[in-house]
Structures are given as C-alpha cells and as structure tokens.
Amino acid sequence: MFDIAIIGAGPAGASAAIFAAKAGKKTLLADSDKSMTKRAWVENHYGVMETTGPDLLAVGKKQADKFGAELVTGTVEAIEKQEEGFLIKTDSGSYESNQVIFATGALVDLAEKIGVETTEGTEPRIKKIIKAGPDGKTNVDGIWAAGTCAGVSVHTIITAGDGAKTAINVISELNGERYVDHDLLK
C-alpha cells in the first residue's frame with residue numbers, strides 16, 4: 001500500500017510527489033498526460049529564466065522519480081474508500097493508498113464521484129473547484145486537494161507551491177508531528 005497517492009503530475013502534483021517521496025513516504029504519482037501546463041511558455045517561475053511547459057513537467061516528474069515516487073501513466077477512472085485507505089483504479093491497473101491528493105487542474109469530476117464537495121471556481125475559465133481548507137483537507141477523511149483544482153491560481157509557481165504545502169500537511173499528519181524539509185549546502 002502507498003502512503004500517499006497523487007492524482008495529476010502537473011506542477012502541483014509533481015511538487016507534492018517530490019516532497020512526499022523525499023520524506024520517505026511510499027508515493028504514487030498518477031499522470032494522465034493532460035496537464036494544461038503542456039501548452040504553457042513559462043518566464044515567470046522563480047529560479048527558471050524561461051522554459052516550455054512540457055520541459056517543466058518533465059523535470060518535475062524526473063525530480064519525483066529521483067526521490068523514489070512511482071510514476072504511473074494512465075487515467076484514474078475511480079477511487080473507492082476501503083476499510084483502510086483507498087483503492088485507486090486506473091486504465092492500467094489498481095493501487096491502494098492511505099491518503100490521496102487530488103492535483104487534477106481544472107478537472108473535479110473524479111473527486112465528486114467519491115463524495116468530495118466542490119464549489120464555484122474563482123479563476124477565469126475554472127468553473128468548479130474542490131472545496132478544501134487552507135491545509136488542503138477536503139470533507140472526505142484522507143482526501144486532500146492541491147493546485148488549481150483546490151482554487152489557487154493557475155500560475156505554475158503558485159500551484160507548485162500549493163502542492164508542496166499540501167504534501168507537507170499530509171506528511172505531518174502521517175508522522176504525528178510537523179514535518180520540515182530543509183537541505184543545507186555541504
């Protein structure tokens with residue numbers, strides 16, 4: 001069983017996977033390859049002079065892989081609550097996870113199917129978002145939301161930061177104490 005499964009490998013999802021895997025959590029990153037970032041040209045991302053959306057996505061997945069996240073390419077078709085955790089069904093297989101982070105961009109249908117509350121979107125062209133608290137928690141215990149689907153700005157730097165914040169909160173809950181990840185120069 002995975003500790004944390006992240007649905008969506010755009011900036012929010014990949015960032016969440018980087019933090020989760022680096023913290024030693026068994027991490028699943030499910031990617032349908034439909035991120036809106038695939039169409040982006042990025043010149044406003046701190047620490048990056050300029051890049052294409054596809055290159056930014058590739059680097060994010062590579063970083064998550066570096067720390068041990070398991071990347072699964074496929075569409076998540078259903079998520080079912082189990083006695084312990086969740087069963088995640090994709091078009092390429094099924095996986096079990098203790099916690100789930102939705103990082104699905106503009107898509108909230110899958111979250112609604114498992115009973116996650118949604119509300120009206122706040123960004124232009126984003127009609128619905130997952131109703132989540134500032135920590136990323138939803139109304140369904142064990143399900144979290146990060147990035148655009150959680151109502152933050154569609155800008156990659158903001159969704160990436162929200163994915164990291166949500167992952168830190170999930171890790172902290174799993175650990176029973178606040179988790180901090182700071183690396184130092186050697």
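Arg125 sits in the loop that links β9 (118–120) to β10 (128–130), where helices (H or I, at least four residues) and strands (E, at least two) are DSSP runs numbered from the N terminus. This is a predicted model, in which local features need pLDDT of at least 70 and side-chain atom pairs count only at pLDDT 80 or more, while totals for chains, interfaces and linings use all residues. Residues are numbered from 1 along each chain as its sequence is written, and side-chain values use heavy atoms, with hydrogens and water left out.

Arg125 has a relative accessible area of 78% and is therefore exposed, on a scale that calls a residue buried under 20% relative accessible area, exposed over 50% and partly exposed in between (1.4 Å probe, protein chains only). Most residues other than glycine have a negative phi. Asp33, in the loop between β2 and β3, likewise has a positive phi, of about 60°, although it is not a glycine; with a relative accessible area of 41%, Asp33 is partly exposed. A further loop position is Met49, placed between β3 (41–42) and β4 (51–52), and its relative accessible area of 75% makes Met49 exposed. Neighbours within four places in sequence aside, Met49 is in contact with Val42 and Glu43, contact meaning heavy atoms within 4.5 Å.

Taken as a whole, the chain has 4 helices and 11 strands, and its C-alpha atoms fill a box of roughly 45 × 45 × 30 Å along the principal axes. A compact globule of 186 residues would have a radius of gyration near 16 Å, and the 15 Å of the chain agrees with this; the radius is taken over C-alpha atoms, and the globule rule is 2.2 Å times the number of residues to the power 0.38. Buried residues make up 48% of the 186 residues, and among contacts with a separation of 6 or more, 55% are accounted for by residues 24 or more positions apart.

Between β1 and β2 comes helix α1 (residues 11–22), and the three make a right-handed β-α-β unit; right-handed means that, with the strands pointing away from the viewer, the path from the first strand over the helix to the second runs clockwise. At 1.5 Å a residue, the 12 residues of α1 should span 16 Å, which agrees with the 16 Å between its end C-alpha atoms, the expected span being 1.5 Å times one less than the number of residues. Of the 12 residues of α1, 10 are buried, and what covers them includes β1, β2, α2 (53–66), β8 and α4. Gly24, which follows α1, has a positive phi near 85°.

Helix α4 (residues 156–175) has 20 residues that should span 28 Å, in agreement with the 28 Å between its end C-alpha atoms, and it is followed by Gly176, whose phi is positive, near 80°. Within α4 lies Asn169, which counts as buried at 13% relative accessibility. Apart from neighbours within four places in sequence, Asn169 is in contact with Asp135, Trp144 and Arg178.

The largest nonpolar core has 24 residues, and those with the most contacts inside it are Ile7, Ile79, Val100, Phe102, Ile130 and Ile143; such a core is a set of buried Ala, Val, Leu, Ile, Met, Phe, Trp, Tyr and Cys residues joined through side-chain atoms within 4.5 Å. The elements that give two or more residues to this core include β1, β2, β6 (76–81) and β8 (93–102). A second, separate core of 21 residues includes Ala16, Leu29, Ala167 and Ile171.
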